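Let's take a friendly walk through this model together. Have the sequence and the coordinates open as you read.

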Amino acid sequence: MEKIAYERLIKELRTFSFSFAIGMAILSIMMLYKDYEYYLIAPPIILSSYHLLTGIFYPLFSWPFFTIMNTLFKIISFFLTIFTFSFIFYGIITPVSFILRLVKKDHIAKNSNGWIKRLRNDPKQIEKLF
Amino acid sequence: MNDSYILGISAFYHDSSASLLKNGIIVAACQEERFSRIKGDSNFPGQSIDYCLSEAGITIDRLDHVVFYDKPILKFDRILSSYIHTAPIGIRSWLKAIPLWLKDKLWTEDTIKKTLKYNKNVLFTEHHQAHAASAFYPSPFKEAAIITIDGAGEWATTTIGKGIDNTIEIIEEIGFPHSLGLLYSAFTYYCGFKVNSGEYKLMGLAPYGEPKYSDIILENLITLNEDGSYILHEKYFNYISGLTMISKKFENLFGMKPNKPDIKPTQFYMDIAASIQQVFTTAVLNIVRRAKTVTGLDNLVIAGGSALNCVTNSVILNSKIFSSLFIQPAAGDAGCSLGAALFVHYNYCGNTRIVDKKTDSQHGSYLGPAYTDYQIKSILDEHNIVYTFADEEKLIDFTVDALINQKVIGWFQGRMEFGPRALGNRSILGDPRSETMQKDMNVKIKFRESFRPFAPSVLEEKVSEWFETDSPSPYMLLTAQVKENKRIPFDHSIKGLGILDYRRSEIPAVTHVDYSARIQTVNNKTNPVYHTLINRFYEKTGVPMLINTSFNVRGEPIVCSPTDALRCFFGSNIDVLIIGSFIIARDKQIKKMDIKKWKKSLTRD
């Protein structure tokens, strides 16, 4: 199991290395095109070359940047998720909820009448996700 | 003719598991927690699947069908409807649940295909169809009424159905949010136990109390209708779209805050436990009567987490509404992997079902991994364990003598059990005649609450001599009263945990405070070694039973491998470990195993 987990990590690091190298390379080209100073262009070029090499030869060396980027994206996505889903909840679900309750189409409330006769028992239904 | 293989999977909620059928016969079934060592593990059961395939000696491409135990889209529909029902309340639960659903749970089919590298279509039974199939198909009945009760499936929480030959049909159901399982869980939370795992503690606590609050529950929390249906009164609960089970109104109704985890329950909580147990049993009995009316059949099978309530099961059996009863031993969600696979084999593929009217096809629920003496020896050598090899005869004699000398034995033999109960292959054993054994085993061996009762494993042929029953209970899912002539009267004015200080019968370690015992009957066919052991104990002591509790400590899944057994042995105060043909005595060990990591892995249950 440990071996499988290690192999999975290496694969993940290699993918990250190449993606990061491509990203940094695109950034460098754009900066060159926009005539940025060399001391500003150097870091993305170095990072791109470094990750390209680690991706090819030793993906474990990309671990520090992998961890930093991972943490950063986790933080960003956490706040983004809260923002987006709060908006959906209050902006869409809540008004829909009021309307459905108003027109008495609340599915949860519908279940308060005791036994519900079961209409579907077709075994072929298991081929579907619903 | 090619053999047909069906893999059932239950995952992503609690207690993941996998089961494998070969031509409809159960080859293997196992819960993921036993391998991952995470109690109630809900992750994808990769290791269980690997085990099932290796037990059958096949690879994934030999599978004819893979089936998942519920329908993710229907469940998502229920979850969305719950938020629509309560919005704008429920944002915290929404933020927790919905991203998880959109990221993972909705894509169950992809996850299964990708993880297993399986190319065919995955099948999806409904949650309660899987429960129903897990109860009916392994039962010894050609036709039976089926009842399933649990927290919630997709929408259904309680169903009545019938099984005839190879088909099952669900006739009617009660829908979310009205759920007996969730009602019981709400009280589990209120009494300070963990929801989804502490329900059996609530059941064990109930006999210490009196059902003083039953009327309050029936007047305010639940309405029981004459037709067996019921309605929960929403304002007292918070589970529809909240993060807790109960609302403030629930607390105000009883005038007490919920008991804190790990705080000894007071008499109030004992009375609450007794009350909900009584109400729950009444509600289930109503459903049983309804099932009889609707189906008109003589046999009953039950599954769903609520079917693990052995007190209620016994009331059902004794009510004689149905002439015979079968309860799926893995009645919780773990058993759904088995049910889903059986549903595909019989109901979907239309294969013929042959039943032996006497024996079920669950194989004693010994469906997990076994280890050879060779494998065990190499593990013992690897950990520098001092051991003695013994043949079966000597092993049994040694164990019985140790038990008589009040030693606590770790007993590890054959295939591991499927389901929450240890049935004599991964068990801790003790002498039921001992007055101090219940407290000692609870506190010193299992590190758990002192009020928890222990169950006896009784010789099937002797059960009626000691208990008020003659029904077999091979899966420890029924209770019975200790016979009058074996009881010792005590002062009934004593209440609560104080009762534990009094010897109540000739077998005090397995007699609960109300003289009941959760019995496992053992016969010579399903577990001959265990039967011989108990029989030898009987020959030497005149008592045909042993204390049987699961081989684990608090917060740990039941041991699976010899290494798990060794860790538990060194981490607890078990005196002797019998593992395969090897005897390991604690006092003979020179070197102790490193169990720091193991101790850290224990969770609060």
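Two residues are taken to be in contact if their C-beta atoms, placed from the backbone, lie within 7 Å. Keep in mind, too, that this is a predicted model.

With that in hand, let's begin where the chains meet. How many residues of chain B are in contact with chain A? There are 40 of them, and they touch 28 residues of chain A. On chain B, several elements each supply at least two residues to this side: the helices α3 (72–86), α4 (91–103) and α13 (335–348), along with the strands β5 (122–124) and β8 (167–175). Of the elements in chain B, α3(B) gives the most, with eight residues. If you colour this side of chain B by residue class, you will find 24 nonpolar, ten polar and six charged residues.

Now look at β8(B) again, where the two chains also pair through strands. Strand β1 of chain A, residues 116–117, is joined to β8(B) by two bridges, and the two strands run antiparallel. To find your place in this pairing, look for A:I116, which stands opposite B:E173 in β8(B).

Next, let's step back to chain B by itself. Chain B has 20 helices and 21 strands. Its radius of gyration is 23 Å, close to the 25 Å given by the globule rule for 605 residues, so chain B is as compact as a globular protein of that length. Along its principal axes, the C-alpha trace of chain B spans about 65 × 65 × 50 Å. Of the 605 residues in chain B, 56% count as buried. What about contacts along the sequence? Among those in chain B between residues at least 6 apart in sequence, 73% join residues at least 24 apart.

Chain B can also be read as domains. Where they meet, 14 residues of domain 1 are in contact with 18 residues of domain 3. On the domain 1 side, β3 (25–31) and α1 (33–36) of chain B each supply at least two residues, and the largest share, three residues, comes from α1(B). By class, this side of domain 1 divides into six nonpolar, four polar and four charged residues.

Note on methods. Residues numbered from 1 in each chain as written. Chains lettered and ligands numbered in written order. Predicted model: local features only at pLDDT ≥ 70, side-chain atom pairs only at ≥ 80, totals over all residues. Helix = DSSP H or I, 4+ residues; strand = E, 2+ residues; numbered from the N terminus. Nonpolar A, V, L, I, M, F, W, Y, C, P; charged D, E, K, R; others polar. Pairing = 2+ DSSP bridges. Rg over C-alpha atoms; globule rule 2.2 N^0.38 Å. Buried ≥ 20, exposed ≤ 12 C-beta atoms within 10 Å, placed from the backbone.
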